[in-house]
Amino acid sequence: MFLKRISLMREQVPDFSQYPFDIPSIASFDQLNLASPVTFFVGENGSGKSTLLEAIADKCGFNTAGGGRNNTYETHAAESELGDYVRLSWMPKVSNGFFMRAESFYHFASHIDELQRDGNDAYRSYGGRSLHAQSHGESFLSLFMNRFNGQAIYLLDEPEAALSPQRQLTFLRIMHELAEEEECQFIIATHSPILLGYPGAQILSFDGGAIEEIGYEETDHFKITKYFLDHREKFLKELLEEE
Ligand SMILES: Nc1ncnc2c1ncn2[C@@H]1O[C@H](COP(=O)(O)OP(=O)(O)OP(=O)(O)O)[C@@H](O)[C@H]1O
């Protein structure tokens with residue numbers, strides 16, 4: 001693994017009452033030590049996972065709308081306001097990698113089409129054809145299988161968004177090969193209890209106003225899913241008949 005620590009330069013923060021510094025998990029953030037090639041960010045919607053992931057992408061020099069260092073294209077969604085205040089500690093430093101955000105993947109796919117039209121063999125890294133000509137889930141897997149390779153850091157925001165449970169398992173297998181055999185590092189914001197089950201991963205929770213390490217079985221994703229599957233009828237009866 002390459003990225004060892006993420007710190008917030010708190011003394012330089014202009015105002016903790018303004019976005020993004022007012023998000024509770026960011027307001028209390030000092031530093032995080034990364035202990036595994038695979039790190040997950042978990043937490044409720046709006047707890048700050050994407051905000052921190054985007055800031056890391058910004059510091060890595062990746063396009064914050066999604067992509068690697070060489071993917072420059074315009075979107076309206078791109079500025080990271082936290083990036084200037086985050087310090088990354090590497091050992092050793094890598095500059096290869098990719099920031100994938102499910103929500104703007106469409107724009108990224110159009111950018112690859114444009115590169116191809118301009119005479120580059122851009123499709124080569126994405127399974128040989130336009131990402132738009134593949135289903136949402138297929139295009140995600142094409143990216144993981146063809147574009148991702150060794151000595152690199154991959155920042156993924158909800159990669160499960162388009163993947164069936166079976167394809168999430170395929171993704172775990174691809175990630176395992178990349179982490180074990182090609183020395184790739186992953187930081188992944190996710191809501192998937194399947195992805196979170198990856199053996200040996202470090203899970204960081206953004207809930208309760210702090211970023212803290214927790215065990216798989218302590219996550220809401222595990223607890224709620226397990227309870228739901230074990231007691232589905234009772235659970236739904238209580239939920240739907242609640243006054
Ligand atoms: N440009 C912005 N201006 C003000 N507040 C914002 C802006 N972007 C995000 N926020 C707020 O910051 C908080 C954290 O958002 P963020 O996208 O990091 O959450 P998240 O943990 O990734 O959530 P999810 O699981 O829903 O993707 C949210 O309350 C959100 O409303």
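In strand β7, A189 is the bridge partner of D157. This pair belongs to the parallel pairing of β6 (residues 153-157) with β7, which extends over five bridges. The model is predicted, and every value below is computed from it. The protein contains seven helices and nine strands.

**Central sheet**

- Six strands form an open sheet with mixed pairing, in the order β5-β6-β7-β3-β8-β9.
- As a general point, the strands of a sheet pair through backbone hydrogen bonds, in either the parallel or the antiparallel sense.
- Strand β3 runs parallel to β7, to which four bridges join it; V38 stands opposite F186 of β7.
- The pairing of β3 with β8 is likewise parallel and comprises four bridges, with V42 opposite S205 of β8.

**Burial of strand β3**

- What is the extent of burial in strand β3 (residues 38-42)? Five of its five residues are buried.
- The strand is covered on both faces: V38, F40 and V42 are buried on one side, and T39 and F41 are buried on the other.

**Nonpolar core**

- The largest nonpolar core has 53 residues, of which F41, L53, I56, Y154, L155 and F186 touch the most other members.
- Helix α2 (residues 49-60) supplies the largest share of this core, namely six residues.
- Leaving out residues up to four places away in sequence, I56 touches I6, V86, L88, L155 and I187.
- In soluble globular proteins, nonpolar side chains tend to be buried together.

**Helix α3 (105-117)**

- Helix α3 has 13 residues and reaches 19 Å from its first C-alpha to its last, close to the 18 Å expected at 1.5 Å a residue.
- Its buried residues are F105, F108, H111 and I112.
- Viewed down the axis of α3, these buried residues fall within an arc of 110°, so they line one face of the helix.
- The buried residues of α3 pack against β5.
- On the face turned away from the buried side, α3 carries the exposed residues E114 and R117.
- After α3 comes G119, which has a positive phi, near 100°.

**Helix α4 (136-147)**

- Which residues of α4 are buried? They are S139, F140 and L143.
- Viewed down the axis of α4, the buried residues fall within an arc of 105°, so they line one face of the helix.
- The elements covering these buried residues include β5 (97-101) and α3.

**Residue H191**

- H191 is located in the loop between β7 (185-189) and β8 (202-205).
- Is H191 buried or partly exposed? H191 has 17 other C-beta atoms within 10 Å; a buried residue would need 20 or more and an exposed one 12 or fewer, so H191 counts as partly exposed.
- When its neighbours within four places in sequence are left aside, H191 is in contact with E158 and H221.
- The C-alpha atoms of H191 and V42 are 6.6 Å apart in space, although the two residues are 149 residues apart in sequence.

**Overall dimensions and contacts**

- The radius of gyration of the protein is 19 Å; a compact globule of 243 residues would have a value near 18 Å, so the protein agrees with that expectation.
- Along the principal axes, the C-alpha atoms fill a box of roughly 60 × 45 × 35 Å.
- Of the 243 residues, 35% count as buried.
- Among contacts with a separation of 6 or more, 72% are between residues 24 or more positions apart.

How values were computed. Residues numbered from 1 in each chain as written. Predicted model: local features only at pLDDT ≥ 70, side-chain atom pairs only at ≥ 80, totals over all residues. Helix = DSSP H or I, 4+ residues; strand = E, 2+ residues; numbered from the N terminus. Contact = placed C-beta atoms within 7 Å. Arc of directions from axis to C-beta. Expected span 1.5 Å × (residues − 1). Rg over C-alpha atoms; globule rule 2.2 N^0.38 Å. Pairing = 2+ DSSP bridges. Core = buried A, V, L, I, M, F, W, Y, C linked by C-beta atoms within 7 Å.
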